[in-house]
Amino acid sequence: MNHLLFITAVSLLGIAPALAQDTGTLTGKVRDKNEALPAATIQVMGTNVGTAADVEGNFTLTHVPVGNLRI
């Protein structure tokens, strides 16, 4: 019985970090009117999370803190 409890506890500890994710992914396109802005720099204010847009103005930010953000 003690082994089953131990295995259950260890299994739950492995799941806890996955359930407590505080980051997400943000994707978008940088444009000025209808023109893409290639190589535009995108950064989440107050963090080190940033990237540059591709030649079509598309970007993807990963590990973005969850919540209201300013970019």
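Here are some questions and answers about the predicted model shown above.

Reader: Before we start, what are the ground rules?

Author: Residues are numbered from 1 along each chain as its sequence is written, and side-chain values use heavy atoms, with hydrogens and water left out. As this is a predicted model, local features need pLDDT of at least 70 and side-chain atom pairs count only at pLDDT 80 or more, while totals for chains, interfaces and linings use all residues.

Reader: In what order do the elements of the protein chain run from the N terminus on?

Author: Helices (H or I, at least four residues) and strands (E, at least two) are DSSP runs, numbered from the N terminus. The protein chain has one helix and six strands. From the N terminus on, the order is α-β-β-β-β-β-β.

Reader: Is Leu-26 buried or partly exposed?

Author: Leu-26 sits in strand E1, residues 23–29. Leaving aside neighbours within four places in sequence, Leu-26 is in contact (heavy atoms within 4.5 Å) with Phe-59, Thr-60, Leu-61, Val-64 and Ile-71. Because its relative accessibility is 29%, Leu-26 counts as partly exposed.

Reader: How far apart in space are Leu-26 and Phe-59, C-alpha to C-alpha?

Author: Phe-59 is among the contacts of Leu-26. In sequence, Leu-26 and Phe-59 are 33 residues apart. In space, the C-alpha to C-alpha distance is 8.2 Å.

Reader: What is the phi of Ala-39, roughly?

Author: Ala-39 belongs to the loop between strand E3 (35–36) and strand E4 (41–43). Ala-39 is exposed, because its relative accessible area is 56%. Its phi is positive in a residue other than glycine, near 65°.

Reader: And what about the phi of His-63?

Author: His-63 is found in strand E6, residues 58–65. A relative accessible area of 60% is why His-63 counts as exposed. Although His-63 is not a glycine, its phi is positive, at about 60°.

Key
Buried < 20%, exposed > 50% of the residue type's maximum accessible area, 1.4 Å probe, protein only.
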